[in-house]
Amino acid sequence: MKKYYKALLFGSIGTLVETSEIQRKSFNEAFKKNGLDWYWTKKEYIKLLNKSGGRDRITEYARTKDIKVNAKQLRDLKTKLFNNYLKKNHLKLRPGVKNIINLCIKEKIKLAFVTSTSKNNINSILFSLRKSINQKNFNFIGNSKLVKNLKPNPDIYLLALKKLKLKPNQCLAIEDSQESLNSAVKAKIKCIIFPGKFHLNKKFKNAFKKLEKLSKNIILR
């Protein structure tokens, strides 16, 4: 008889769908609308991703340019542009995601979306993916308002464990960046790194495995 983990925890938007290029374009559009002559190329944006959070990324970039900007306003406009794109377009799930979700549903393995991003981002992503996944199949969906400390702190994972009524060793997490991976590891949850296109060449510390496509056997213990 096959022995499975009791829950599969998708940790970030990027573990479900590839959004890095959409986000980069949204940042550039926000800069243009605010009269800034900034333009983040793919190469530059990949480097900037080392700084987590759009607001902090903008603040740090402005510092290197020696100018002051309203980072929150820029980040909020970028988020609005990003969400508008998602509402108008149907995105495809990343390789293997659909199959592993279907297996979890079939085997009654709990599913969670352990993200600490904004509720608007989450709603937009789930709306864009509505033809591929049903949010009702998720036993827990996190957001930035549910915890005091965001990733890389473990708070959102600890809350998920509490809501799912499970222990860390009963769950398997999937993350797409080092900072988010650190969050799962600090919660003592085994974590697979599933990096997006902009993170493929990075080295990841403390990952259980690194995969470019999810297979059904990852849920086997």
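Author: The following account takes the sheet strand by strand and then turns to its surroundings.

The model is predicted, so local features are given only at pLDDT of at least 70 and side-chain atom pairs only at pLDDT 80 or more, while totals for chains, interfaces and linings use all residues. Residues are numbered from 1 along each chain as its sequence is written, and side-chain values use heavy atoms, with hydrogens and water left out.

The sheet is open and has six strands in the order β3-β2-β1-β4-β5-β6, with parallel pairing. Strands here are DSSP runs of E with at least two residues, helices are runs of H or I with at least four, and both are numbered from the N terminus. Two strands pair if DSSP finds at least two bridges between them. At the edges stand β3 (140-141) and β6 (209-210), each of which pairs on one side only.

Consider strand β4, residues 171-175. Five of its five residues are buried, where buried means under 20% relative accessible area, exposed over 50%, and partly exposed in between (1.4 Å probe, protein chains only). On one face of β4 lie Cys171, Ala173 and Glu175, on the other Leu172 and Ile174, and all of them are buried. Strand β1 (residues 7-10) pairs with β4 in the parallel sense over four bridges, and Leu8 stands opposite Leu172. Strand β5 (residues 190-193) also pairs with β4 in the parallel sense, over four bridges; there, Ile174 stands opposite Ile192.

Strand β2 covers residues 110-113 and includes Lys110. Its parallel pairing with β3 rests on two bridges, and Phe140 in β3 is the bridge partner of Ala112. Lys110 counts as partly exposed because its relative accessibility is 31%.

Lys108 lies in the loop between α6 (97-106) and β2. The phi of Lys108 is near 60°, a positive value in a residue other than glycine. Lys108 counts as exposed because its relative accessibility is 75%. In the loop between β3 and α8 (155-164) lies Pro152, which a cis peptide bond with omega of about 15° joins to Lys151.
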